[in-house]
Every structure is written in C-alpha cells, then in structure tokens.
Amino acid sequence: MATSRGPVKRNRRGHPRHQKSQHGDKQPNKAVDENSFVIQSFRRFQEELDNKHDRHERLVKLSRDVTIESKRIIFLLHRVHSGSREDILNEAETKIKEVNVKWFKQIATELHGQDPYQFIRAYSPGLQEYIEAVSFWQYLKTGEMVTLREIQQSLVFPADTTPPSEDQTSDKDVPTTTEGEGKICDDENRGHDITGNSEADRPVVSVFVPPTEYILGIADLGGELMRHCINGIGNGDTKTPFHLITFMQCMCEGYQSFGNLGTREVTRKLNVLRQSLRKVENACYTLQVRGSEMPEHMLIDAISDTGKHDSTFHDDDD
C-alpha cells in the first residue's frame, strides 16, 4: 500500500538512508564500564564541580546577609547627630561583632582549604559593604582610616572541632558570640591576636581580604562621609564639614595616585568619590563665604536642601 510520505532519500549507493539508521537502532546499547579509568575520572570531575557550585551558592547567600546587615549598621551610624553618640557607636560595634561571628565565620569555614580567588566574586559584595561599615564606624570613633591589616585580623576565627552541618546558612545553627571571637581591631588591641589565643594553640579559619576588595570598600566611604556632613549641617553642626574635607581630600588624592588601574569598577567609584568631595567642598565654601550674608538657619536649610535634592545623592555604591 502506497504511503504519502513523499520520495525516499537515498545514499550514493542507492539504498534508502533510513535503513542504515534502523539497522543502527537495532543494535543493543553497550553497558558503561564503571571500572574504566576515564569514567571514574569524569565521575570525580562531576563531584568536584557539583561541590564547587553548591559552595558558591552558599557563599552568595551569606554575602547577601552580610550586605543587608552592613547597610543597617551604616543607617544606625547616620543617627549619631540625633542621639547619644557613644551609645550608637557601642551598638554599632556590637552589631559588627555579630556579623563577624554569625556570617563571616561561616564564610571562613566554607573557604577553608579552598582557593579564595575562585569564590571571591561570590562574597565580594558583602565584603565591600562590610568594609564600608567598619571604616565608617572607625572614622566616627577615632577619626582615622581602618587599615587592611585590621580588617583581616577581625575576620580570623577559631576553627570548629566538629564538621559543619549540611545547612550552612540556617539561623538555628549560628554560633553565639564569645569573648574575643570575631573582635574588631581598634587602637587598644591593634596588632594583637583577636581570638585571645595564639595561632599555635588551636587552628583558625579566616576570610581572605584581597587588597582590591579593600580599595573598593574604602572608596564607598566617601559617599557615607558626604551624607554624614549634610546630615550634620541639617542638625546645626557647622564644624563637621571642615573636619571631613581634609580627610576626604587625602582619600581622593590617594586614589588618584594609583594611576590607571584598568578596572571600570574602581574608575566608577573614584568618580563618585570626587562628586562626594565636591559636595563637601561646596558646603564648606557656603559656610565660610556666605555665612556672614544670611542667618544661620537659612544657611543650614540651603545647604541641606542642595545635598538632599542632588541627583547623585542617593547613588548606588554597590
């Protein structure tokens, strides 16, 4: 019985092509030899890649939590003009320690024995936001810049003797803060072991902080200092801009001394730092030059409105 499938395609010998494929389908499939060296090698590759991807996803989730909590610390520090300065700084210090123990210790455990540069993009956003929060807290407390060594020392923790649980990000398995664990470094304990014991006594785990991440995190500090300046002026503090301007000029000068780093992210953050410095300079100019031309309350309102309505005031530093 004729079919309506159309002409049959044939090969160069005149045989229908489908006969060859049908003949091939009739051949039984050969079982995979699991004892083969090649198969075993690819099984190991598969397991390594799966473990790497799972670790990367856990680090991304932890980095998001660090970013959220670091932003909350920054918002808290911006309230120093409207509340007790000492109480706010102490509360921010407590929250920083909680971030260290609650999330960064899990990140350090995940990175233990691994190449940190393979996973740096997973926890880089949280690390930069954390550096920004700690540097802002350090400036408000001491008026100085936090160093890379201090950041690195604050992210060293004693290693757990028991293996980590499968759910690394579960809140119920979060360790509690103990004395000396995850302590941030300040003028009193600068250069000392933050864990309370020497590294020879017990093993430690740490979060690797590359210099590039430190540079990018510190660059975001300029925006927070500018907001701190404008908020201070809005609350009647006319001395803050003159203390900030010298500090921010040194920051900008230091970044410009790097030259061309070849990365868009550093260039973008340097432009934002210049804009923030320009706003502080304009505020100082207005206070110094026009301070005698108008009443103080009108001068403060003019500077505050200019800073709050600036198109780049709420820039995204992430």
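Predicted model: local features only at pLDDT ≥ 70, side-chain atom pairs only at ≥ 80, totals over all residues.

**Entry 1: salt bridges.** I searched the whole structure for salt bridges and found 7. My criterion was a side-chain nitrogen of Lys or Arg within 4 Å of a carboxyl oxygen of Asp or Glu. Residues are numbered from 1 along each chain as its sequence is written, and side-chain values use heavy atoms, with hydrogens and water left out.

**Entry 2: the overall layout.** I counted 10 helices and 2 strands in the protein. These are DSSP runs numbered from the N terminus, with helices (H or I) of at least four residues and strands (E) of at least two. Read from the N terminus on, the order is α-α-α-α-α-β-β-α-α-α-α-α. Of the 318 residues, 40% count as buried. For burial I used relative accessible area: under 20% is buried, over 50% exposed, and partly exposed lies in between (1.4 Å probe, protein chains only). I also looked up contacts (heavy atoms within 4.5 Å). Among those with a separation of 6 or more, 80% come from residues 24 or more positions apart.

**Entry 3: Asp220 and Lys269.** Which parts does this pair tie together? The closest N and O atoms of the salt bridge are 3.0 Å apart. Asp220 sits in the loop between helix H6 (211-219) and H7, and Lys269 in helix H9, so the pair joins parts 49 residues apart in sequence. Asp220 is buried at a relative accessible area of 4%, and Lys269 is buried at 3%.

Entry 4: I then turned to Lys97 and Glu93, whose side chains meet in a salt bridge at 3.9 Å, N to O. Both lie in helix H3 (residues 85-111), 4 residues apart, about one turn of the helix. Lys97 is partly exposed, at 24% relative accessible area, whereas Glu93 is buried, at 14%. A reminder on geometry: an α-helix has 3.6 residues a turn, so residues three or four places apart point the same way. I also noted a network of salt bridges linking Arg55, Arg58 and Glu110.

**Entry 5: H7 against H9.** How do H7 and H9 cross, left-handed or right-handed? I first took the axes of helix H7 (residues 221-234) and helix H9 (residues 264-289), which come within 8 Å and cross at roughly 25°. The axes are lines fitted to C-alpha atoms over the stretch in contact, with angles from 0 to 180 degrees between N-to-C directions. H7 and H9 are therefore roughly parallel, a label for angles under 35 degrees. The crossing is left-handed, meaning that the near helix is turned anticlockwise from the far one by less than a right angle. On the H7 side, the contact residues include Gly222, Gly223 and Met226, and on the H9 side they include Leu273, Ser276 and Lys279.

**Entry 6: the buried side of H6.** I listed the buried residues of H6 as Glu213, Tyr214, Leu216, Gly217, Ile218 and Ala219. They pack against helix H4 (116-142), helix H5 (148-154), H7, helix H8 (240-256) and H9.

Note on methods. Parallel < 35°, antiparallel > 145°, perpendicular 65-115°, else oblique.
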